[in-house]
Amino acid sequence: MSTVLYLAHTECDGTLHKSALEALTAAKALAEGMGAELAAGVIGSEVSAAADSIAGCGAKFYGVSGPDFSDARYASDLAAAEAIAKACDAEIVVASATSRFSRALPGLAIRLGGRVDTHLSGLEVLDGKPVAKRWFYRQRMEGTLIREERPWVLTLDSGCADGFVGAGSADVESLAVDVSGVRTRVTGMECPSEDEQTIRPDAELLFVTGAGWTKKQADGSVHVDVAEEVILNFLNTTKCSLGSSKSLVDISGEGGSIISFLTHMHQVGQTGSSPRHAKGLSSCCHGEEPHVVGWRFINERRAINTDAGCGWAQGKCDVLYVGDAFEIMKKVNEFLG
Ligand SMILES: Cc1cc2nc3c(=O)[nH]c(=O)nc-3n(C[C@H](O)[C@H](O)[C@H](O)COP(=O)(O)OP(=O)(O)OC[C@H]3O[C@@H](n4cnc5c(N)ncnc54)[C@H](O)[C@@H]3O)c2cc1C
């Protein structure tokens, strides 16, 4: 009987991330559909609590643990994954596409003489064989991938399956992996503060800023300093995710006054991103089609614009507030306290 191996690494607190639980749901369904055994491998400084948290999946558990495996490090992560994959003779390996596994698992496919496909959006079984799905052209086309080569390593993007729920008591077979020869040392982490990181894919709300924030206002002056304060205030209070129109992020290249915390990574639209949030609020952005196309996965859309005839008014949002975004957002911030 073939084996589908689910791989996970623990977080700093020893738990499994939501995306790891999602990958388990996908791996379990794949194993069931293929009539294969499910094995689970957990890597981290301490793995038993994490294994217990998903013991209900019914897998045979393997663990590689110890201080050498607490942090993301290509060589030790790869050695651990290789030991687990060989211990269970995995035909398929499924893991979530975390930055840690995105670095290490392509190397696993090379070591095992297999193949890897990354950033997948779904897994299914067709005629007893695994099929992987992946978006192309910024989510405009979904590709279906079938491979004969084995082992096949698959990493799944977050948000593509429900998180597995089913704790219990796992009987973990501990594997000893010697990484004393690894020269890379993890000396610490430097992370931006939560408030510096304004792209928050898991937030419920997307707040989009447009070039209007840097344009001359009714009094004939620009007020970029006020705009920055109002926007940051709203972001920090609501912990929403920040997006931008192309015009606003391009201003830096044109020498205009800029919103200092915006980068091209924030750009939403045809040549930007298509984020997935339950709600979106656009401000000082015209709502032209190349921008709004990036909103196709946003369910509830609202916009603030002084112009009642702006693009948003042409059936592109659910509610358009016709008014001055400076005044409206200041008031909103007041309400939020
Ligand atoms: C091939 C191609 C690809 C593109 N890709 C993208 C893309 O990926 N993403 C993208 O965003 N654009 C993209 N664009 C550009 C897009 O067409 C628009 O030019 C751009 O989105 C306009 O940005 P904006 O609405 O912020 O600026 P503007 O068009 O300058 O609009 C500013 C708006 O702010 C409003 N405003 C001003 N002051 C206030 C205030 N106080 N209160 C409320 N409202 C106010 C104004 O009424 C105006 O509607 C692309 C264009 C092309 C040709």
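Let me begin with two notes on conventions. Residues are numbered from 1 along each chain as its sequence is written. Since this is a predicted model, local features need pLDDT of at least 70 and side-chain atom pairs count only at pLDDT 80 or more, while totals for chains, interfaces and linings use all residues.

The protein is divided into domain 1, covering 3-174, and domain 2, covering 205-336, with bounds that come from an automatic or database domain assignment. Taken over C-alpha atoms, the centres of the two domains are separated by 38 Å.

I will turn now to a sheet made of β6, β7 and β8. When I name helices and strands, I mean DSSP runs numbered from the N terminus, with H or I and at least four residues for helices, and E and at least two for strands. When I say that two strands pair, I mean that DSSP finds at least two bridges between them.

In what order do the three strands of this open sheet lie? The order is β6-β7-β8, with antiparallel pairing, and the edge strands, each pairing on one side only, are β6 (122-126) and β8 (141-145). Neighbouring strands of this sheet are turned by 30° against each other on average, direction ignored, where axes are lines fitted to C-alpha atoms, for helices over the stretch in contact, and angles run from 0 to 180 degrees between N-to-C directions. Helix α1, residues 18-34, packs on the sheet and touches β6 and β7, and its direction makes about 5° with that of β6; contact here means that the C-beta atoms of two residues, placed from the backbone, lie within 7 Å.

Looking at the pairings one by one, β6 and β7 are joined in the antiparallel sense over five bridges, and the partner of glycine 122 in β7 is lysine 133. The hairpin of these two strands has two residues between them, and aspartate 127 there takes a positive phi near 50°. Strand β7, residues 129-136, is in turn joined to β8 by five bridges, again antiparallel, with alanine 132 standing opposite leucine 145 in β8. The hairpin of β7 and β8 has four residues between the strands, and tyrosine 137 in the turn has a positive phi of about 50°.

Next comes β11, at 205-209. Four of the five residues of β11 are buried, a residue being buried if 20 or more other C-beta atoms lie within 10 Å of its own, exposed if 12 or fewer, and partly exposed in between, with C-beta atoms placed from the backbone. β11 pairs in the parallel sense with β13 (residues 279-283) over five bridges, and with β12, also in the parallel sense, over four bridges. Phenylalanine 207 stands opposite leucine 281 in β13 and opposite leucine 242 in β12.

Helix α5 packs against this region. It has 15 residues, 224-238, and reaches 21 Å from its first C-alpha to its last, close to the 21 Å expected at 1.5 Å a residue, where the expected span is 1.5 Å times one less than the number of residues. Which residues of α5 are buried? They are Ala227, Val230, Ile231, Phe234 and Leu235. Seen down the axis of α5, these buried residues fall within an arc of 130°, so they line one face of the helix; the arc is that of the directions from the helix axis to the C-beta atoms. The buried residues of α5 pack against β11, β12 (241-244) and α8 (325-336). Just after α5, lysine 239 takes a positive phi of about 55°.

I will close with the backbone. Most residues other than glycine have a negative phi, and most peptide bonds are trans. Cysteine 284, in the loop between β13 and α7 (289-292), has a positive phi of about 55°, and with 25 C-beta neighbours inside 10 Å cysteine 284 counts as buried. A cis peptide bond joins arginine 150 and proline 151, with omega about -5°, and proline 151 lies in the loop between β8 and β9.
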